[in-house]
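Here are some notes to read with the model open beside you. Take the points in any order you like.

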Amino acid sequence: MTHYPDLSPYEYSESRVPMVNVGWLGPPHDFPTGPAPDGLAEALWRMGKRPRNRMRGFHVCEFCDGRREFGDLPLANGEIHVDADGVRYSAPVLVGHYVRDHHYLPPRVFVDAVLEHDLKGRRSTRRVLRAAGWEQGRSVDTSAWRRAFPGLGWHDAAEEFLAEFGGLTVRGREVVDLDPMRCTGAADRFVQWHKTFREAFPVGVTGDHFLAVDSLGEVRAFSDHGIRRIGPGSAALLLLSEGAHLHDSDD
Ligand SMILES: [Zn+2]
């Protein structure tokens with residue numbers, strides 16, 4: 001992948017705010033290393049699952065030997081954007097991997113912006129869920145939902161997700177109804193989705209989208225227009241309530 005020095009201006013940007021590069025690493029260029037603050041790699045990993053611009057094409061890690069799997073990261077076309085003090089930082093989706101596995105230490109301004117962004121995200125997730133009646137340790141009986149779809153395999157991720165969130169209605173810009181029974185009319189389509197998308201199991205609806213959680217705990221939204229990966233558990237619910245499944249734009 002192309003190398004850009006940290007904090008260099010991001011060219012070709014059509015963004016309304018100035019954008020600068022962070023974490024566009026590539027041999028033979030050296031990069032700063034050091035112990036990362038707690039939670040940084042995880043926060044970057046979460047953000048990498050929901051990339052923004054896709055202008056810079058497909059990237060692989062050039063520091064790892066051979067081909068490397070990145071589990072649930074979309075490989076690897078796109079950027080993470082985070083705003084702070086009127087500047088937008090753009091990093092590749094692999095930046096979480098660079099921090100975790102290559103001990104890359106990004107510039108302090110970027111680190112602070114990411115941690116702040118992550119904290120705010122988790123706080124607003126909790127606020128939205130509490131308003132829906134969720135509380136820490138919530139656990140409801142899932143057996144009726146399991147029985148409602150005899151053609152689909154049940155898995156731990158479905159159990160975990162529905163025990164915690166099943167039956168809630170999350171209201172934001174969009175209404176997310178976490179009642180799997182609303183998917184029974186689409187049971188036939190779910191048989192195919194279940195096969196194709198890591199045992200996607202129905203968990204509810206929002207608008208004209210069916211929602212499912214797969215065996216790795218990732219939520220997907222299915223509609224006639226396509227299939228969107230939303231993200232893991234509670235973070236996905238916030239994104240859905242904000243309508244993230246309806247648009248693809250940056251702002
Ligand atoms: Zn690597």
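Predicted model: local features only at pLDDT ≥ 70, side-chain atom pairs only at ≥ 80, totals over all residues.

1. A word on terms before we start: helices (H or I, at least four residues) and strands (E, at least two) are DSSP runs, numbered from the N terminus.

2. Residues are numbered from 1 along each chain as its sequence is written.

3. Now the overall picture. The chain's secondary structure comes to seven helices and nine strands. Of its 251 residues, 33% count as buried; a residue is buried if 20 or more other C-beta atoms lie within 10 Å of its own, exposed if 12 or fewer, and partly exposed in between, with C-beta atoms placed from the backbone. Two residues are in contact if their C-beta atoms, placed from the backbone, lie within 7 Å. Among contacts in the chain with a separation of 6 or more, 60% come from residues 24 or more positions apart.

4. Next, a sheet to trace by eye. Three strands form an open sheet in the order S1-S3-S2, with mixed pairing; two strands pair if DSSP finds at least two bridges between them. Strands S1 (19-21) and S2 (79-84) are at the edges with a single partner strand each, so one side of each has no neighbour in the sheet. From one strand to the next, the twist averages 30°.

5. How do S1 and strand S3 (residues 87-92) pair, parallel or antiparallel? They pair in the parallel sense, over three bridges. Valine 20 has tyrosine 89 of S3 as its bridge partner, and asparagine 21 has serine 90.

6. S2 and S3, by contrast, run antiparallel and are joined by six bridges, with aspartate 83 partnered by arginine 88 of S3. These two strands form a hairpin with two residues between them, and aspartate 85 in the turn has a positive phi of about 50°.

7. Helix pairs deserve a look too. H3 and H7 pack at an angle of about 75°, their axes 9 Å apart; axes are lines fitted to C-alpha atoms, for helices over the stretch in contact, and angles run from 0 to 180 degrees between N-to-C directions. The two helices are therefore roughly perpendicular to each other (angles under 35 degrees count as roughly parallel, over 145 as roughly antiparallel, 65 to 115 as roughly perpendicular and the rest as oblique). Ser124, Thr125, Val128 and Leu129 of H3 meet Ser234, Ala235, Leu237, Leu238 and Ser241 of H7 in this contact.

8. The largest nonpolar core has 34 residues, and Val203, Ala212, Val213 and Leu237 have the most contacts inside it; a nonpolar core is a set of buried Ala, Val, Leu, Ile, Met, Phe, Trp, Tyr and Cys residues joined through C-beta atoms within 7 Å. A second, separate core of 26 residues includes Leu25, Tyr89, Ala91 and Leu94. Leaving aside neighbours within four places in sequence, valine 213 is in contact with residues including Ala157, Phe161 and Val203.
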